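Visitor: Please take me through this model one region at a time.

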Amino acid sequence: MSHLLRPTPQPGILDIAPYLPGKSGKPGSNAVKLSANESPLGASPKALAAMVEAAGRLEIYPEGSSRVLREALADVHGLDPDSIVCGNGSDDLLHLLAQTYLGEGDEAVMNRYGFSVYPIITRAAGASIVMVEETDYRADVDALLAAVTERTKVIWLANPNNPTGTYLNAAEVARLHAGLRPDILLVIDSAYAEYVTAADYSVGLELVNAHENVVMVRTFSKMGLAAARIGWMVGPAHVVDAINRIRGPFNVNLPAQMAGAAAVRDIEFTQRLREHNAHWRAWLTAELSGNAMRVVPSQANFVMVLFDGAETAARAFQTLADAGYIVREIGASYGIPHGLRISIGSEEAMRAVADILKSMDATR
Ligand SMILES: *Cc1c(COP(=O)(O)O)cnc(C)c1O
């Protein structure tokens, strides 16, 4: 009967700080959410239609391997459908990769300002996370390689990275891979691949195809389907086999599978989103640069803006919020208290955000 006798989480679980999502406006407010890198153009109308149609079959279990979705991805990206595993968001796949390849005594390596989910899934698997310093908010290949020990099992690399927006070019990622032992898994998380405009970037498929220790993870969340929770990964057969053994047997729901398949094939919508993003990302970067803030050059659908201190960043956050624009604070979750991450939104939102930040700057 002792209150001390109760189920106990595995060691380390209660040391994990929960993921802090981007804030939304107060319920009922019509605040514009620029805190979670969502699509400002909604979802692909074809994806929406496919989802509505699938909603007529809710009593039937979905096909468990997401075959229709894998085939659509394979067609559009020139892949073998058997090299793809789909997930309930890419978060599902990242968790499965951690659970499969990390355990007690192992280490996973990531860059200091890498995606905040990586430490959570690494520790949840019982392993330790090794955080490696960056050079001016960019992953540093030499530093990452220098952090590898005999305990290292996984390298987590978001490319482009969230929340910084910076990227490593294809040659740098290849150099990172070339410096790793073949028993270390390099996870290339290309969540923002669709938004990259840099000519020297690669999503990482050539590395996946040529080696036994590289996987690429992708998501539909940043392309208009965040609520549907669809992610996918491509890897060598032995990794795909291992992940398929432990993933949920019906881990992607039917409406999501159908919406995803339609969205991949809706090249025109993808292109519209890319063009909108490239235009307003460049515009916002140019507008804000040259004031008392610095915009870190981004290849994603957000920019990280650095202010002269944490207080200014907090003031900017509040001024924007008071005007109805919710952006992402990156102090507590990422250790960048003088920065804010701002998603690329509608033209109206971008113009308003630029005006507000510039006028704040002028009145200091
Ligand atoms: C948003 C994001 C994801 C995606 O997550 P989902 O679970 O697919 O919504 C994965 N990695 C990075 C780096 C991200 O920013």
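Visitor: Where is Ser66 found?

Guide: Ser66 is in the loop between H1 and helix H2 (67-77). Helices are DSSP runs of H or I with at least four residues, strands are runs of E with at least two, and both are numbered from the N terminus. The model is predicted, so to speak of a local feature requires pLDDT of at least 70 and of a side-chain atom pair pLDDT 80 or more, while totals for chains, interfaces and linings use all residues. Residues are numbered from 1 along each chain as its sequence is written, and side-chain values use heavy atoms, with hydrogens and water left out.

Visitor: And what is phi of Ser66 near?

Guide: Phi of Ser66 is near 55 degrees, a positive value in a residue other than glycine.

Visitor: Is Ser66 buried or exposed?

Guide: Ser66 has 1% relative accessibility and therefore counts as buried (under 20% relative accessible area; exposed is over 50% and partly exposed lies in between, with a 1.4 Å probe and protein chains only).

Visitor: Which positive phi does Arg229 have?

Guide: Phi of Arg229 is about 60 degrees, although Arg229 is not a glycine. Arg229 belongs to the loop between strand S7 (214-219) and strand S8 (231-234). With a relative accessible area of 31%, Arg229 is partly exposed.

Visitor: Now the peptide bonds. Which residue does a cis peptide bond join to Pro160?

Guide: Asn159 is joined to Pro160 by a cis peptide bond, with omega about -5 degrees. Pro160 is in the loop between strand S5 (152-158) and helix H6 (170-178).

Visitor: What about Pro163: where is its place?

Guide: Pro163 is also in the loop between S5 and H6. A cis peptide bond joins Asn162 and Pro163, and omega there is about 15 degrees.

Visitor: Let us turn to the ligand. How many residues surround it?

Guide: The ligand is surrounded by 13 residues, and the closest are Asp189, Tyr192, Thr219, Ser221 and Lys222.

Visitor: What lies 2.6 Å from a nitrogen atom of the ligand?

Guide: That is a polar side-chain atom of Asp189.

Visitor: And the backbone: which residue has a polar backbone atom 2.7 Å from an oxygen atom of the ligand?

Guide: Ser90 has that backbone atom. For Asp91, a polar backbone atom is 3.0 Å from an oxygen atom of the ligand. The ligand taken alone exposes 390 Å², of which the protein buries 92% (Shrake-Rupley areas with a 1.4 Å probe; for residues, only the protein chains shown count as cover).

Visitor: Ser90 brings me to H3. How many residues does H3 have?

Guide: Helix H3 (residues 90-101) has 12 residues. From its first C-alpha to its last, H3 reaches 16 Å, close to the 16 Å expected at 1.5 Å a residue (1.5 Å times one less than the number of residues).

Visitor: Which residues of H3 are buried?

Guide: They are Ser90, Asp92, Leu93, Leu94, Leu96, Leu97 and Ala98. An α-helix has 3.6 residues a turn, so residues three or four places apart point the same way.

Technical notes: A residue is near a molecule or strand if one of its heavy atoms lies within 4 Å of it. A polar contact is a pair of N or O atoms within 3.5 Å; within protein, one must be able to donate a hydrogen and the other to accept it, and residues adjacent in sequence count only if both atoms are side-chain atoms.
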